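Reader: I am new to this structure and would like to understand the words used for it. Could you walk me through them?

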Amino acid sequence: MNAIASLALSFPLIFFTALLALVAVYWLLVLVRLAPVELFEHDSLRNDTLASALVSLGFAGVPASLALSALIVLASLLAWIVELAVLGPLPLGFFRVPLGLAVIWGAFALASPLAAALCRRLHRRLHRHPSLSKRCLLGERVRVIDADAGGATAEMVDDPGRQVRLRGKAGNRPRVGEVRVLVKYLVNDEAYRSVPEQDYLDARTRLVRLHLVERHEGAMPRQEGRHGSRPSA
């Protein structure tokens, strides 16, 4: 028992031990109804929030707290395997720190697609849950099956038995047969704003490229002329 405790408190496993403790405390608070399951959800995917980041990683359709918990648990399991099979038997000394940081990064990188696949298997059950069928549906793909003057009715692509109500703006009204992505929850109407799937993918691609360009430009110092003046664009 002491050996397990000592291992759990060693680097890099202590990082995952702390995260698992936070996950356990959070779900305990959920069980006693002191914390909501949809703790990280927002009404829109427009802003850079934890929920929207997880959606971009493939965790659409499940609460961000559940996706994050699955990610942490799987990453912790992978880190334990690496520690027991690779790092533990080796006399690493100072090199344990950089290797430990690499293990932390690698564990989350490998766990992300596994956790996303696990969450996708829970989609249908969560869609049927009355308290988990609102904001956590943002990022899901739907197919329009009926349209009228007030909006449209659509069904989930991954779960045809689950239907949602869509609201559209002028120039962006849903059309029957169209596949769209839910991007905003309208609380008062209990409906969703949506965009065509291709527009959503294009917007995500542009956003990623914009962030990359901003980082690149921020890392490069501005060139100045001979007398301290900056060249004009």
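Author: Gladly! Buried means under 20% relative accessible area, exposed over 50%, and partly exposed in between, using a 1.4 Å probe and protein chains only. Of the 233 residues in the protein chain, 35% are buried. This is a predicted model, in which local features need pLDDT of at least 70, side-chain atom pairs count only at pLDDT 80 or more, and totals for chains, interfaces and linings use all residues. Residues are numbered from 1 along each chain as its sequence is written, and side-chain values use heavy atoms, with hydrogens and water left out.

Reader: What makes up the protein chain in terms of helices and strands?

Author: The protein chain has seven helices and five strands, and their order along the sequence is α-α-α-α-α-α-β-β-β-β-β-α. Both kinds are DSSP runs numbered from the N terminus: helices are H or I with at least four residues, strands are E with at least two.

Reader: Why is A109 called partly exposed?

Author: Its relative accessibility is 36%, which falls between the 20% and 50% limits, so A109 counts as partly exposed. A109 belongs to helix α5, residues 96-120.

Reader: Why is D159 called buried?

Author: D159 has a relative accessible area of 1%, and this is under 20%, so D159 is buried. You will find D159 in the loop between β2 (151-156) and β3 (163-166).

Reader: Which residues of α4 and α5 meet?

Author: Contact means heavy atoms within 4.5 Å. Among the residues that meet are L71, L74 and L78 in α4 and V103, F108 and L114 in α5. The residues of this contact divide into 20 nonpolar, one polar and two charged. Here Ala, Val, Leu, Ile, Met, Phe, Trp, Tyr, Cys and Pro count as nonpolar, Asp, Glu, Lys and Arg as charged, and the others, Gly among them, as polar.

Reader: Why is R33 called exposed, and what is its phi?

Author: R33 has 76% relative accessibility, which is over 50%, so R33 counts as exposed. Its phi is near 65 degrees, a positive value in a residue other than glycine. R33 sits in the loop between α2 and α3.

Reader: What makes E190 exposed?

Author: Its relative accessibility is 54%, over the 50% limit, so E190 counts as exposed. E190 has a positive phi of about 50 degrees although it is not a glycine. Most residues other than glycine have a negative phi, and most peptide bonds are trans.

Reader: Where is there a cis peptide bond?

Author: The peptide bond from F11 to P12 is cis, with omega near 10 degrees. P12 is in the loop between α1 and α2.
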